[in-house]
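Morning, everyone. Let me walk you through one model, sheets first, then a helix pair, then the chain contact.

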Amino acid sequence: MLRLHPFRYHRPDTIEEAASLLAEFGADAMPIAGGTDLMPNMKHRLFTPAHVVSLNGIDAMRGIGFNAAGDRLRIGALEKLADVASHPVVRRHCPGLAEAAGLVAGPQLRNMGTIGGNVCLDTRCTYYNQTEFWRAALGYCLKKDGTVCHVTRVGRKCVAAHSADTPPNLIALGASLSLTGPGGTREIDAGDFFVTDGILNTRRAPDEIVTEVVIPITNGRHRSSYMKLRQRNSIDFPLLSVAIAGEFEDDGTVAGLTGVVSALGARPRVLAGWTEIAAGKRLGSRVIEALAERAWSQCRPLENIIVDAEWRRAMVPVFVKRALEGLDGK
Amino acid sequence: MSSRRESTQHSIGDPQRNGSRDGESGLSTIGRPMRKVDGLAKSTGRARYTDDIRFPGMLHGKILRSPHPHARIVAIDTSRAEALEGVHAAVTGRDMPVTYGIIPWTPDEYPLCVDRVRYVGDGVAAVAAVDEDTAIAALDLIDVTYEELPAYLDPHEAIAADSGPYIHEPRKPGWNGNITKTVKLEFGDVDAGLEDAHIMVEGDYFFEGTTHTPIEPHCAIGLAEGNGRLTVWSATQVPHYLHRELARVLDVDPASVRVIQPPVGGAFGGKSEPFDLEFCVARLSMMTGRPVKILYTREEVFYSHRGRHPFHMRYRTGADREGMLTAVDSEIVMDGGAYASFGLVTTYYSGQLLTAPYQMPAYRFNSTRAYTNKPACGPKRGHGSVQPRFAFEVQLDRIAEKLSIDPIELRRRNFIGADTRTVNDLRVTSNGFLECLDEVERASGWKHKHRRLPFGRGVGVAGSTYITGTNYPVYPNDMPQSGIQLQVDRSGRVAVFSGASEIGQGVDSMVAYIVAEELGVPLAHVRVLAGDTDFTPVDLGAYSSRVTFMLGNACIDAARKLKAQVQEAVAAEWGARPGEVLLAGGLAVRAGDTATSMPLRVAFNLAEAMYGTLGSTGSYNTPKDVHGTYRGATIGASPAYSFTAHVAEVEVDVETGFVTVEKIWIAHDCGRALNPVLVAGQMEGSAYMGFAEALMEEQIFKTADQGRAGLHNAPSLLDYRIPTSLDTPALESLIVESIDPEGPYGAKEAGEGPLHPSIPAIANAIHDAVGVRMDSLPFSPPRVWRALRAVEDGRGDRVAGLRAAGVGGAT
């Protein structure tokens with residue numbers, strides 16, 4: 001079978017201990033929570049840290065609940081995706097996020113995988129998520145051990161795809177992430193967390209830990225939805241994902257509307273120009289068509305996933321439309 | 001997106017039987033739903049598969065594989081690997097320089113490559129070390145110098161090559177070494193048949209390659225003992241052929257070689273010939289004196305492959321005004337991969353197995369199998385005939401459409417009948433195909449659905465036939481194809497020594513049911529010891545759907561010999577005639593006087609006292625007059641043929657191209673269902689596997705432009721997609737029993753035939769739903785979407801028409 005490389009396993013009890021272990025071992029250490037991304041990646045020799053720091057003993061990183069003011073929903077980074085998907089508060093206030101968490105991989109993986117891990121999921125590419133033998137036969141790639149991007153064949157930029165289900169929703173919801181490192185704790189908007197570099201697509205420093213996800217909750221009429229394109233009804237990573245969150249006036253007109261599309265490039269894309277199309281209007285079929293058209297013009301999938309890129313692009317307006325229609329009744 | 005299903009329905013209809021009814025069969029065990037004898041052990045995790053076996057001092061082996069699709073091996077140096085602490089031995093191709101091949105006429109593989117690698121993943125060297133990690137580290141220390149050669153990925157280019165280096169040395173000077181086999185056969189006057197036809201339908205079809213994806217990866221353990229004996233445990237479905245090849249290639253006396261086949265976790269044809277790991281564990285154990293185990297990674301399973309060949313097919317089919325076939329003509333190019341495997345047979349099967357269940361006055365096929373620098377293709381469930389069946393059944397649907405004849409009616413009209421010969425002179429005996437058509441038509445509500453469902457939803461039908469074993473073994477001999485031995489204990493227990501391979505299909509259970517039926521013993525008193533070449537008679541293996549028919553008949557033969565002895569002994573005790581002694585329900589009972597009885601244990605003891613130690617053997621061999629006399633006539637000949645019909649109902653999302661198969665009705669003529677639960681299981685599994693190939697599966701490879709020619713696109717179960725339970729349609733099994741005159745209690749095969757119609761039935765249903773013909777597999781969302789766009793943009797047929805008419809809600 002594919003084997004893990006030898007490493008030392010640490011299991012600290014506090015965030016501070018974990019951060020200091022990560023700082024102490026530097027590039028030789030990686031954090032692990034559910035392990036559903038890291039374990040196969042280690043078996044593929046994409047990562048070979050000498051020290052693996054488990055976060056699973058840190059109780060402070062668990063829990064789902066409101067802050068005292070009741071305007072921020074806090075989800076501990078260690079919360080399992082299955083728990084996020086089924087939590088009544090998440091389902092009521094952030095249905096799109098609950099839907100997304102429930103569509104990650106399959107049931108066993110959702111019982112292990114955490115929301116913090118999903119936020120930090122490594123980018124994926126057909127030339128990268130392969131065994132050491134396979135990648136050696138290929139001659140490796142820009143993201144790992146090589147010098148060539150086999151997707152673009154030109155350029156020096158890795159285009160591995162952001163493939164996590166929950167971040168597009170967190171971005172659409174205006175969520176922020178808490179990160180703790182040796183220098184202390186900082187908050188960063190989920191929308192600013194990701195960068196367009198497929199090699200390393202987040203602003204998390206190697207010795208920082210995502211400890212919690214914080215979602216602002218307003219009392220207005222808020223709705224959100226999520227659509228995931230994949231060939232099977234379970235297991236698969238998205239070929240395209242669409243997360244939408246909207247604030248509505250009492251008369252049903254749009255106060256604000258955010259659409260995020262992902263699984264195309266290294267970073268989830270916040271669709272531009274949506275508010276000007278929809279603000280002050282109801283989401284009727286003409287507005288939805290215009291939003292879908294606007295989304296299509298901004299999305300250009302690449303062959304980083306082994307499925308027909310032209311079809312994936314054509315699915316952008318279809319899935320945007322369906323996600324917008326899905327806002328009803330949520 | 002396809003809709004989520006809360007649960008998958010399974011149901012089995014009551015068997016539809018020709019002739020005798022249940023009560024008239026006089027059978028007590030056969031025909032009843034029963035557990036598998038190994039079911040509980042497997043479902044509770046107690047079954048010990050090959051990888052569960054461990055020995056003290058056992059070493060772990062690993063095989064170094066080629067990163068090149070085609071290259072000469074200039075040099076191999078294993079000295080650095082052998083020097084690594086914990087490494088006990090290394091082997092290369094030069095240590096086993098003997099070619100082998102499952103078909104004796106095409107031996108073209110070495111256990112490890114000697115001077116040439118032919119695909120990315122071809123084995124070049126192996127090591128045995130104290131543990132797997134050390135073995136993996138040792139592979140990095142083996143130095144191989146390659147000289148790259150041009151690679152062929154496309155079978156047409158391989159066939160067009162006019163000079164070397166070919167993938168294999170030409171068998172004769174001037175031949176093309178990229179061709180495994182060409183078969184051209186013609187029966188009747190095809191050109192005249194096509195010319196006289198009222199309509200002629202012509203089409204090009206492509207069937208993408210698919211692989212078996214058994215859950216258990218291949219695994220083998222070799223144990224060479226000091227006494228000269230060699231034992232190999234292997235997850236194989238052909239222990240007998242492995243036994244022969246191990247002895248031949250390793251140059252040891254076959255009498256000192258023992259092959260043991262532990263429970264196998266799925267095979268589907270992917271374990272039906274020897275593989276590199278079996279030779280390597282044997283050789284490494286002979287070198288080290290230690291047991292050596294090799295377990296493939298999932299990636300290696302994809303490289304070892306032997307799955308379904310990609311077929312490029314052209315069909316011309318002629319029919320008269322009434323839809324009666326006048327002639328069928330085909331040209332097929334098969335992409336064989338790097339080695340022959342069963343390819344010679346596959347090439348024949350691509351044409352030979354199409355000639356039923358429909359009458360064809362004239363038929364011609366011209367099939368060529370090319371070598372390419374990719375993992376070797378071989379037999380996968382429905383070997384060689386699933387691909388042509390897809391093309392041909394779509395052709396029939398097109399004829400029905402053009403002639404405005406209901407597709408089921410068209411198939412009825414062309415029915416070949418029972419007790420007849422096909423155009424290529426294969427003998428057909430029992431044939432329940434019409435009942436299969438009736439069943440799927442009735443159960444699916446066909447008459448209310450075909451051409452009557454709203455746009456986006458449709459039904460399709462297809463039929464097929466398949467062999468119940470091959471008339472001739474892969475190596476010529478006159479001995480039985482199947483043998484069995486029974487032995488009776490003084491406790492009343494019956495032991496069955498069976499050489500057949502239990503691969504999940506239920507063969508161990510099948511022989512237990514037969515013994516219980518014939519001797520009247522409770523099932524719990526039957527023990528089956530199987531798959532050990534030291535102790536079990538030869539059975540040729542679990543392939544070509546041969547085992548129930550052949551081993552079942554052998555088992556009846558053995559059991560009836562034993563039964564006769566028991567009847568004699570009991571009759572003597574009672575002063576009765578042997579025919580008056582009935583064995584049933586754990587008792588010997590006197591016919592007409594049920595008050596006179598004794599426990600079977602006592603009856604067995606009486607027989608042992610009369611005849612000595614009680615046991616018997618039984619065997620089966622095929623009839624030899626069931627085929628024609630032309631060259632190749634024996635290939636495709638079978639003692640009996642199964643027949644199947646499917647109706648599939650689909651929903652097509654025209655915006656996305658997603659096809660949801662809502663339900664498949666599967667009617668299958670298995671002769672007699674020895675255990676209807678197992679038959680239905682095979683029917684469901686087959687239909688599922690065909691459905692998977694129809695919608696998802698693709699064994700495809702990167703091109704040079706994509707970084708490395710011949711590199712497998714996605715050798716993992718994440719990216720090589722097979723359907724999950726959420727994707728699987730509802731399946732309804734409709735068992736048809738034609739009671740075959742030569743089958744055990746009338747049984748025929750059920751393990752492979754029911755796969756065939758899935759794919760064309762789905763293709764035909766897609767056409768009924770949205771008016772596009774899917775002629776290339778798989779019918780994945782992008783392909784269906786493109787086909788729909790092409791119709792919209794161009795020829796404007798049913799999609800545009802129905803859309804204009806406002807039919808259907810999917811748009």
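A definition before anything else: two strands pair here if DSSP finds at least two bridges between them. And keep in mind that this is a predicted model.

Start in chain B. There is an open sheet of 5 strands, in the order 9-17-16-15-10, and its pairing is mixed. Which strands stand at the edges? Strand 9, residues 179–187, and strand 10, residues 199–207, of chain B. Each has a single partner strand, so one side of each has no neighbour in the sheet. From one strand to the next, the twist averages 5 degrees.

Now look at one of those pairings. Strand 10 of chain B runs antiparallel to strand 15 of chain B, residues 311–319, with 9 bridges. To find your place, take Y205(B): opposite, in strand 15 of chain B, is M313(B).

Helix 9 of chain B, residues 343–352, touches strand 9, strand 15, strand 16 and strand 17 of chain B. Its direction makes about 30 degrees with that of strand 9 of chain B. Helix 10 of chain B, residues 386–403, touches strand 10, strand 15 and strand 16 of chain B. Here the angle is about 145 degrees, taken against strand 10 of chain B.

Over to chain A. Its open sheet of 4 strands has the order 9-10-11-12, with antiparallel pairing. The edges are strand 9, residues 221–229, and strand 12, residues 269–270, of chain A. Strand 10 and strand 11 of chain A are joined by 8 bridges. One bridge pair to look up is G246(A) with L257(A). Helix 5 of chain A, residues 95–102, packs on the sheet and touches strand 9 and strand 10 of chain A.

Next, the helix pair, back in chain B. Helix 14, residues 507–519, and helix 15, residues 547–574, of chain B pack at about 30 degrees, axes 9 Å apart. Angles under 35 degrees count as roughly parallel, so helix 14 of chain B is roughly parallel to helix 15 of chain B. The crossing is right-handed. Helix 14 of chain B brings residues including M510(B) and I514(B), and helix 15 of chain B brings others, among them L551(B) and I556(B). The contact residues split into 12 nonpolar, 2 polar and 3 charged.

Last, the chains together. How many residues does each chain give to the contact? Chain B gives 31 and chain A gives 24. On the chain B side, helix 3 (132–139) and helix 19 (781–793) are the elements that give two or more residues. That side divides into 13 nonpolar, 8 polar and 10 charged residues.

Definitions and conventions: Residues numbered from 1 in each chain as written. Chains lettered and ligands numbered in written order. Predicted model: local features only at pLDDT ≥ 70, side-chain atom pairs only at ≥ 80, totals over all residues. Contact = placed C-beta atoms within 7 Å. Nonpolar A, V, L, I, M, F, W, Y, C, P; charged D, E, K, R; others polar. Axes fitted to C-alpha atoms, helices over the stretch in contact; angles between N-to-C directions. Parallel < 35°, antiparallel > 145°, perpendicular 65-115°, else oblique. Left-handed = near helix turned anticlockwise from the far one by under 90°.
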